[in-house]
Amino acid sequence: MRVLLAALVYIPCLTAVVRIPLTRFESIRGKLRKRGELRKLLEDRQPDIFVQRYPHCLPSDINLSQGLATERLYDYMNAQYYGEVSVGTPPQRFTVVFDTGSSDFWVPSARCYSKACSMHKRFESFMSYSYAQVGEPFYLQYGTGSLIGVTAKDTVQFSNLSIEAQDFGESVYEPDLTFTFAHFDGVLGLGYPSLSVLHGLPVFDNMLRQQLIEEPVFSFILNRGGNTENGGELIFGGIDHSLYKGSIHWVPVTEQKYWKIHMDNVKIQGQIAACKEGCAAIVDSGTSLITGPPSQIIRLQQKIGAHPAPHGEFIVDCRRLSSLPPITFTIGQREYTITSKQYIIKQTSGGEAFCLSGFQALDLGPRNKPMWILGDVFMSAFYCVFDRGNNRVGFAHKAK
(Lines give C-alpha, C1' and ligand atoms only; values in the text may rest on other atoms or scores of the structure.)
Protein backbone atom coordinates (compact mmCIF):
# COMPACT_ATOMS: atom_id res chain seq x y z
CA MET A 1 0.00 0.00 0.00
CA ARG A 2 2.88 2.33 0.77
CA VAL A 3 4.20 1.97 -2.81
CA LEU A 4 0.77 2.64 -4.28
CA LEU A 5 0.32 5.81 -2.23
CA ALA A 6 3.76 7.01 -3.32
CA ALA A 7 2.67 6.64 -6.92
CA LEU A 8 -0.63 8.40 -6.32
CA VAL A 9 0.80 11.38 -4.47
CA TYR A 10 4.15 11.82 -6.16
CA ILE A 11 6.08 14.98 -5.37
CA PRO A 12 9.20 15.53 -7.54
CA CYS A 13 12.44 15.83 -5.62
CA LEU A 14 16.13 15.46 -6.27
CA THR A 15 17.56 12.08 -5.32
CA ALA A 16 21.30 11.97 -4.74
CA VAL A 17 21.85 8.41 -5.98
CA VAL A 18 19.46 5.73 -7.21
CA ARG A 19 20.74 2.15 -6.97
CA ILE A 20 19.37 -0.79 -8.93
CA PRO A 21 20.64 -4.26 -7.95
CA LEU A 22 21.57 -6.42 -10.93
CA THR A 23 21.14 -10.19 -11.18
CA ARG A 24 23.45 -12.35 -13.27
CA PHE A 25 21.93 -15.34 -15.05
CA GLU A 26 22.77 -18.00 -17.59
CA SER A 27 22.72 -16.66 -21.13
CA ILE A 28 20.08 -17.62 -23.69
CA ARG A 29 22.85 -19.17 -25.77
CA GLY A 30 23.90 -21.34 -22.82
CA LYS A 31 20.33 -22.50 -22.19
CA LEU A 32 19.77 -23.38 -25.85
CA ARG A 33 23.07 -25.28 -25.90
CA LYS A 34 22.01 -27.40 -22.93
CA ARG A 35 18.70 -28.21 -24.63
CA GLY A 36 20.46 -29.13 -27.88
CA GLU A 37 18.60 -26.39 -29.78
CA LEU A 38 21.39 -23.89 -30.43
CA ARG A 39 22.63 -25.51 -33.64
CA LYS A 40 19.16 -25.60 -35.19
CA LEU A 41 18.49 -21.96 -34.32
CA LEU A 42 21.76 -20.71 -35.82
CA GLU A 43 21.47 -22.87 -38.94
CA ASP A 44 17.85 -21.95 -39.65
CA ARG A 45 17.69 -18.36 -38.48
CA GLN A 46 16.34 -15.79 -40.89
CA PRO A 47 16.19 -12.34 -39.32
CA ASP A 48 13.11 -11.25 -41.26
CA ILE A 49 11.26 -14.57 -41.36
CA PHE A 50 8.22 -13.14 -39.53
CA VAL A 51 8.07 -10.17 -41.88
CA GLN A 52 8.34 -12.50 -44.88
CA ARG A 53 5.61 -14.88 -43.74
CA TYR A 54 3.17 -12.52 -42.07
CA PRO A 55 3.29 -9.08 -43.74
CA HIS A 56 -0.45 -8.69 -43.12
CA CYS A 57 0.27 -8.60 -39.36
CA LEU A 58 2.34 -5.45 -39.65
CA PRO A 59 0.72 -2.04 -39.11
CA SER A 60 -0.37 -0.62 -42.45
CA ASP A 61 1.99 2.36 -42.28
CA ILE A 62 5.12 0.21 -41.99
CA ASN A 63 6.72 -0.16 -45.39
CA LEU A 64 9.83 -2.29 -45.08
CA SER A 65 10.72 -1.93 -48.73
CA GLN A 66 11.47 1.73 -48.12
CA GLY A 67 14.10 0.93 -45.50
CA LEU A 68 12.37 1.40 -42.16
CA ALA A 69 14.75 2.63 -39.48
CA THR A 70 15.74 -0.26 -37.26
CA GLU A 71 17.78 -0.66 -34.13
CA ARG A 72 20.41 -3.37 -34.21
CA LEU A 73 20.77 -4.99 -30.80
CA TYR A 74 23.90 -7.02 -30.96
CA ASP A 75 24.19 -9.90 -28.58
CA TYR A 76 21.11 -10.62 -26.52
CA MET A 77 21.69 -14.37 -26.78
CA ASN A 78 24.62 -13.74 -24.46
CA ALA A 79 23.11 -10.96 -22.32
CA GLN A 80 23.53 -11.90 -18.67
CA TYR A 81 22.60 -9.01 -16.37
CA TYR A 82 19.14 -7.69 -15.56
CA GLY A 83 17.36 -5.55 -12.97
CA GLU A 84 13.80 -4.60 -12.03
CA VAL A 85 11.66 -1.63 -13.06
CA SER A 86 7.95 -0.90 -12.71
CA VAL A 87 5.55 0.55 -15.26
CA GLY A 88 2.10 2.03 -14.69
CA THR A 89 -0.10 3.08 -11.77
CA PRO A 90 -0.40 0.90 -9.78
CA PRO A 91 3.07 -0.37 -10.71
CA GLN A 92 3.59 -3.54 -12.74
CA ARG A 93 7.05 -5.08 -12.30
CA PHE A 94 9.34 -6.19 -15.12
CA THR A 95 12.91 -7.44 -15.42
CA VAL A 96 14.98 -5.61 -18.05
CA VAL A 97 18.46 -5.56 -19.50
CA PHE A 98 19.94 -2.10 -18.90
CA ASP A 99 21.59 -1.58 -22.27
CA THR A 100 24.05 1.19 -23.11
CA GLY A 101 24.03 -0.08 -26.72
CA SER A 102 20.45 1.07 -27.41
CA SER A 103 18.19 3.95 -26.38
CA ASP A 104 14.64 2.62 -26.24
CA PHE A 105 12.63 1.03 -23.46
CA TRP A 106 10.16 -1.75 -24.24
CA VAL A 107 8.26 -4.49 -22.40
CA PRO A 108 5.84 -7.17 -23.64
CA SER A 109 2.23 -6.09 -24.17
CA ALA A 110 -0.79 -8.01 -22.92
CA ARG A 111 -1.79 -7.98 -26.61
CA CYS A 112 1.38 -9.79 -27.67
CA TYR A 113 0.52 -13.08 -29.37
CA SER A 114 3.92 -14.78 -29.71
CA LYS A 115 4.98 -17.67 -27.47
CA ALA A 116 7.89 -15.67 -26.08
CA CYS A 117 5.50 -13.15 -24.55
CA SER A 118 3.42 -15.86 -22.89
CA MET A 119 6.56 -16.90 -20.98
CA HIS A 120 7.08 -13.42 -19.51
CA LYS A 121 5.24 -10.71 -17.67
CA ARG A 122 3.07 -8.64 -19.97
CA PHE A 123 2.01 -5.05 -19.49
CA GLU A 124 -1.73 -4.63 -18.96
CA SER A 125 -2.34 -1.06 -20.08
CA PHE A 126 -6.01 -1.14 -19.06
CA MET A 127 -4.92 -1.65 -15.43
CA SER A 128 -2.90 1.59 -15.35
CA TYR A 129 -4.74 4.89 -14.93
CA SER A 130 -1.58 6.87 -15.80
CA TYR A 131 -1.28 5.13 -19.20
CA ALA A 132 -1.48 7.11 -22.44
CA GLN A 133 -1.52 5.41 -25.81
CA VAL A 134 0.63 6.92 -28.56
CA GLY A 135 0.08 4.12 -31.05
CA GLU A 136 3.06 4.64 -33.37
CA PRO A 137 4.45 1.33 -34.69
CA PHE A 138 8.12 0.40 -34.21
CA TYR A 139 10.29 -2.41 -35.48
CA LEU A 140 13.52 -3.73 -33.94
CA GLN A 141 15.84 -6.05 -35.84
CA TYR A 142 17.59 -8.70 -33.78
CA GLY A 143 20.13 -11.22 -35.03
CA THR A 144 17.57 -13.98 -34.57
CA GLY A 145 14.37 -12.28 -35.63
CA SER A 146 12.18 -9.19 -35.63
CA LEU A 147 10.40 -7.53 -32.71
CA ILE A 148 7.35 -5.41 -33.50
CA GLY A 149 5.33 -3.15 -31.23
CA VAL A 150 3.52 0.13 -30.63
CA THR A 151 4.49 3.15 -28.55
CA ALA A 152 2.90 4.49 -25.37
CA LYS A 153 3.57 6.67 -22.31
CA ASP A 154 3.28 5.84 -18.62
CA THR A 155 4.91 6.26 -15.23
CA VAL A 156 8.16 4.28 -14.79
CA GLN A 157 9.67 3.60 -11.38
CA PHE A 158 13.13 2.61 -10.13
CA SER A 159 13.49 2.14 -6.41
CA ASN A 160 12.05 5.35 -4.87
CA LEU A 161 12.18 7.35 -8.12
CA SER A 162 9.19 7.91 -10.45
CA ILE A 163 9.44 9.16 -14.04
CA GLU A 164 6.17 10.56 -15.36
CA ALA A 165 4.90 10.23 -18.95
CA GLN A 166 7.85 8.09 -20.03
CA ASP A 167 7.93 7.01 -23.68
CA PHE A 168 8.17 3.24 -24.08
CA GLY A 169 7.24 0.44 -26.42
CA GLU A 170 4.78 -2.43 -26.01
CA SER A 171 5.91 -5.43 -28.04
CA VAL A 172 3.15 -7.27 -29.87
CA TYR A 173 5.44 -9.83 -31.51
CA GLU A 174 8.83 -11.18 -30.34
CA PRO A 175 11.16 -13.77 -31.92
CA ASP A 176 10.06 -16.98 -30.25
CA LEU A 177 12.95 -19.32 -29.62
CA THR A 178 15.52 -16.92 -28.19
CA PHE A 179 13.16 -14.67 -26.25
CA THR A 180 11.25 -17.62 -24.81
CA PHE A 181 14.35 -18.58 -22.81
CA ALA A 182 15.33 -15.04 -21.82
CA HIS A 183 15.29 -14.29 -18.10
CA PHE A 184 14.48 -10.66 -18.85
CA ASP A 185 11.09 -9.35 -19.94
CA GLY A 186 12.29 -6.28 -21.84
CA VAL A 187 15.13 -3.90 -22.57
CA LEU A 188 15.85 -0.42 -21.19
CA GLY A 189 18.26 1.52 -23.38
CA LEU A 190 20.77 3.99 -21.95
CA GLY A 191 22.28 5.26 -25.19
CA TYR A 192 21.92 8.76 -26.66
CA PRO A 193 18.53 10.05 -27.95
CA SER A 194 19.80 10.03 -31.55
CA LEU A 195 19.84 6.22 -31.41
CA SER A 196 16.14 5.96 -30.53
CA VAL A 197 13.84 4.07 -32.87
CA LEU A 198 10.71 4.98 -30.90
CA HIS A 199 11.51 8.69 -31.45
CA GLY A 200 10.61 9.41 -27.83
CA LEU A 201 12.72 10.71 -24.97
CA PRO A 202 14.89 7.93 -23.49
CA VAL A 203 14.50 7.07 -19.82
CA PHE A 204 17.74 8.68 -18.65
CA ASP A 205 17.00 11.90 -20.54
CA ASN A 206 13.57 12.05 -18.94
CA MET A 207 15.16 11.60 -15.51
CA LEU A 208 17.32 14.63 -16.26
CA ARG A 209 14.45 16.69 -17.68
CA GLN A 210 12.32 16.03 -14.61
CA GLN A 211 15.28 16.85 -12.35
CA LEU A 212 15.07 13.56 -10.50
CA ILE A 213 18.82 13.10 -10.02
CA GLU A 214 21.54 15.56 -9.10
CA GLU A 215 24.18 14.63 -11.69
CA PRO A 216 23.81 13.49 -15.32
CA VAL A 217 25.86 10.37 -14.60
CA PHE A 218 25.25 6.64 -14.24
CA SER A 219 27.68 3.82 -13.56
CA PHE A 220 27.94 0.03 -13.57
CA ILE A 221 29.67 -2.39 -11.27
CA LEU A 222 29.27 -5.89 -12.74
CA ASN A 223 30.20 -9.04 -10.84
CA ARG A 224 31.06 -12.45 -12.20
CA GLY A 225 31.33 -15.77 -10.38
CA GLY A 226 28.96 -18.22 -8.74
CA ASN A 227 26.81 -15.73 -6.82
CA THR A 228 24.19 -15.00 -9.47
CA GLU A 229 21.97 -12.97 -7.14
CA ASN A 230 24.73 -10.42 -6.53
CA GLY A 231 25.31 -9.58 -10.17
CA GLY A 232 26.33 -6.02 -9.41
CA GLU A 233 24.70 -2.63 -9.37
CA LEU A 234 23.59 0.18 -11.67
CA ILE A 235 23.86 3.61 -10.04
CA PHE A 236 22.01 6.68 -11.34
CA GLY A 237 22.87 10.25 -10.38
CA GLY A 238 26.41 10.04 -9.05
CA ILE A 239 29.60 8.10 -8.49
CA ASP A 240 30.19 5.71 -5.60
CA HIS A 241 33.81 6.32 -4.64
CA SER A 242 33.87 3.22 -2.43
CA LEU A 243 33.56 0.98 -5.49
CA TYR A 244 36.95 1.77 -7.01
CA LYS A 245 40.56 2.38 -6.07
CA GLY A 246 42.94 4.93 -7.53
CA SER A 247 41.39 7.44 -9.88
CA ILE A 248 38.85 7.42 -12.70
CA HIS A 249 40.39 7.96 -16.13
CA TRP A 250 38.10 9.68 -18.61
CA VAL A 251 37.80 9.15 -22.36
CA PRO A 252 35.70 11.45 -24.60
CA VAL A 253 32.72 10.10 -26.50
CA THR A 254 33.54 10.43 -30.20
CA GLU A 255 29.95 10.16 -31.50
CA GLN A 256 26.87 10.91 -29.41
CA LYS A 257 24.83 7.91 -30.43
CA TYR A 258 26.32 4.82 -28.87
CA TRP A 259 28.81 5.30 -26.03
CA LYS A 260 31.54 5.27 -28.65
CA ILE A 261 35.17 5.97 -27.77
CA HIS A 262 38.59 5.71 -29.40
CA MET A 263 40.76 2.71 -28.53
CA ASP A 264 44.50 2.95 -29.19
CA ASN A 265 45.35 -0.76 -29.50
CA VAL A 266 45.04 -4.27 -28.03
CA LYS A 267 48.18 -5.92 -26.66
CA ILE A 268 49.25 -9.38 -25.58
CA GLN A 269 52.41 -9.55 -23.47
CA GLY A 270 53.39 -6.03 -24.52
CA GLN A 271 53.02 -6.66 -28.25
CA ILE A 272 50.21 -5.08 -30.28
CA ALA A 273 47.91 -7.90 -31.37
CA ALA A 274 44.94 -5.96 -32.78
CA CYS A 275 43.65 -2.44 -33.47
CA LYS A 276 47.18 -1.49 -34.54
CA GLU A 277 46.32 1.95 -35.92
CA GLY A 278 43.62 2.76 -33.42
CA CYS A 279 39.93 1.94 -33.74
CA ALA A 280 36.47 2.83 -32.51
CA ALA A 281 34.90 0.91 -29.63
CA ILE A 282 31.41 0.90 -28.12
CA VAL A 283 31.11 0.40 -24.37
CA ASP A 284 28.01 -1.79 -24.29
CA SER A 285 26.39 -3.35 -21.23
CA GLY A 286 23.89 -5.18 -23.48
CA THR A 287 26.62 -7.31 -25.07
CA SER A 288 28.20 -10.03 -22.96
CA LEU A 289 31.40 -10.62 -24.94
CA ILE A 290 34.15 -8.48 -26.44
CA THR A 291 33.70 -8.31 -30.20
CA GLY A 292 35.89 -7.08 -33.00
CA PRO A 293 36.60 -7.41 -36.75
CA PRO A 294 36.75 -11.12 -37.72
CA SER A 295 40.32 -11.12 -39.05
CA GLN A 296 41.66 -9.43 -35.91
CA ILE A 297 39.63 -11.57 -33.52
CA ILE A 298 40.78 -14.78 -35.22
CA ARG A 299 44.43 -13.71 -34.83
CA LEU A 300 43.79 -12.88 -31.19
CA GLN A 301 42.14 -16.28 -30.63
CA GLN A 302 45.17 -17.97 -32.13
CA LYS A 303 47.51 -16.10 -29.80
CA ILE A 304 45.64 -17.36 -26.72
CA GLY A 305 45.44 -20.90 -28.10
CA ALA A 306 41.68 -20.89 -28.71
CA HIS A 307 40.34 -23.08 -31.50
CA PRO A 308 37.05 -22.77 -33.39
CA ALA A 309 33.94 -24.64 -32.30
CA PRO A 310 30.44 -24.79 -33.82
CA HIS A 311 28.27 -21.66 -33.88
CA GLY A 312 31.16 -19.21 -34.36
CA GLU A 313 32.56 -19.75 -30.86
CA PHE A 314 36.13 -20.40 -29.80
CA ILE A 315 37.13 -22.66 -26.91
CA VAL A 316 40.31 -23.30 -24.97
CA ASP A 317 41.52 -26.23 -22.90
CA CYS A 318 40.35 -25.52 -19.35
CA ARG A 319 43.57 -27.05 -18.02
CA ARG A 320 45.54 -24.23 -19.65
CA LEU A 321 43.74 -21.31 -18.01
CA SER A 322 46.54 -20.45 -15.59
CA SER A 323 49.03 -20.22 -18.45
CA LEU A 324 46.97 -17.99 -20.74
CA PRO A 325 48.36 -14.45 -21.14
CA PRO A 326 46.60 -11.30 -19.92
CA ILE A 327 45.22 -9.02 -22.63
CA THR A 328 45.61 -5.24 -22.46
CA PHE A 329 43.35 -2.62 -24.02
CA THR A 330 44.99 0.79 -24.42
CA ILE A 331 42.37 3.52 -24.15
CA GLY A 332 43.21 7.19 -23.81
CA GLN A 333 46.89 6.18 -23.47
CA ARG A 334 46.00 4.17 -20.35
CA GLU A 335 46.29 0.40 -20.17
CA TYR A 336 43.38 -1.74 -18.99
CA THR A 337 44.37 -5.36 -18.52
CA ILE A 338 42.08 -8.36 -18.15
CA THR A 339 43.27 -11.80 -17.09
CA SER A 340 42.34 -15.21 -18.48
CA LYS A 341 40.04 -15.67 -15.48
CA GLN A 342 38.17 -12.59 -16.68
CA TYR A 343 38.08 -13.26 -20.43
CA ILE A 344 37.35 -17.01 -20.33
CA ILE A 345 33.79 -18.15 -19.61
CA LYS A 346 33.23 -21.60 -18.12
CA GLN A 347 30.08 -23.39 -19.33
CA THR A 348 28.66 -26.90 -19.43
CA SER A 349 27.11 -28.96 -22.21
CA GLY A 350 25.88 -32.53 -21.83
CA GLY A 351 27.23 -32.56 -18.28
CA GLU A 352 30.76 -31.70 -19.44
CA ALA A 353 32.51 -28.43 -18.65
CA PHE A 354 34.31 -26.42 -21.31
CA CYS A 355 35.95 -23.01 -21.50
CA LEU A 356 34.63 -20.44 -23.97
CA SER A 357 36.70 -17.51 -25.18
CA GLY A 358 35.16 -14.14 -24.29
CA PHE A 359 36.09 -12.77 -27.72
CA GLN A 360 33.77 -13.00 -30.71
CA ALA A 361 34.07 -11.92 -34.33
CA LEU A 362 31.51 -9.35 -35.49
CA ASP A 363 31.48 -7.16 -38.59
CA LEU A 364 30.41 -3.76 -37.32
CA GLY A 365 30.89 -0.35 -38.88
CA PRO A 366 32.31 0.55 -42.31
CA ARG A 367 35.01 -1.69 -43.73
CA ASN A 368 37.70 0.97 -43.45
CA LYS A 369 36.69 1.85 -39.88
CA PRO A 370 35.57 -1.36 -38.14
CA MET A 371 34.32 -1.08 -34.57
CA TRP A 372 34.83 -3.13 -31.45
CA ILE A 373 32.35 -3.72 -28.64
CA LEU A 374 33.61 -3.71 -25.08
CA GLY A 375 30.85 -5.76 -23.49
CA ASP A 376 30.36 -7.28 -20.06
CA VAL A 377 33.57 -9.34 -20.20
CA PHE A 378 35.46 -6.05 -20.26
CA MET A 379 33.09 -3.99 -18.12
CA SER A 380 33.03 -6.54 -15.29
CA ALA A 381 36.76 -6.00 -14.75
CA PHE A 382 36.36 -2.27 -14.03
CA TYR A 383 34.08 0.34 -12.49
CA CYS A 384 32.53 2.00 -15.56
CA VAL A 385 31.05 5.51 -15.44
CA PHE A 386 28.91 7.11 -18.18
CA ASP A 387 28.89 10.91 -17.95
CA ARG A 388 26.27 12.58 -20.16
CA GLY A 389 27.05 16.03 -18.75
CA ASN A 390 30.56 15.93 -20.20
CA ASN A 391 30.03 13.27 -22.91
CA ARG A 392 32.71 10.94 -21.63
CA VAL A 393 33.22 7.43 -20.26
CA GLY A 394 35.32 6.74 -17.19
CA PHE A 395 37.15 3.58 -16.13
CA ALA A 396 38.62 2.75 -12.75
CA HIS A 397 39.98 -0.36 -11.08
CA LYS A 398 37.43 -2.06 -8.86
CA ALA A 399 37.97 -1.78 -5.14
CA LYS A 400 37.59 -5.54 -4.63
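The dialogue below goes from the whole chain to a sheet and then to one residue.

Mentor: This is a predicted model, in which local features need pLDDT of at least 70, side-chain atom pairs count only at pLDDT 80 or more, and totals for chains, interfaces and linings use all residues. Residues are numbered from 1 along each chain as its sequence is written, and side-chain values use heavy atoms, with hydrogens and water left out.

Trainee: How many helices and strands does the chain have?

Mentor: Helices (H or I, at least four residues) and strands (E, at least two) are DSSP runs, numbered from the N terminus. The chain has ten helices and 28 strands.

Trainee: How do I read a sheet, and in what order do the strands of the open sheet run?

Mentor: Strands of a sheet pair through backbone hydrogen bonds, either parallel or antiparallel. Pairing here requires that DSSP finds at least two bridges between two strands. The open sheet has four strands in the order β16-β15-β21-β22, with antiparallel pairing. Because β16 (271-274) and β22 (334-338) each have a single partner strand, one side of each is left without a neighbour in the sheet. Strand β15 (residues 265-268) pairs with β16 over three bridges, and V266 has A274 in β16 as its bridge partner.

Trainee: Is V217 buried or exposed?

Mentor: Buried means under 20% relative accessible area, exposed over 50%, and partly exposed in between (1.4 Å probe, protein chains only). V217, in strand β10 (residues 217-222), is buried at 5%. Buried residues make up 57% of the 400 in the chain.

Trainee: Which residues does V217 touch?

Mentor: Contact means heavy atoms within 4.5 Å. Not counting residues up to four places away in sequence, V217 touches several residues, including F204, I235 and V385.
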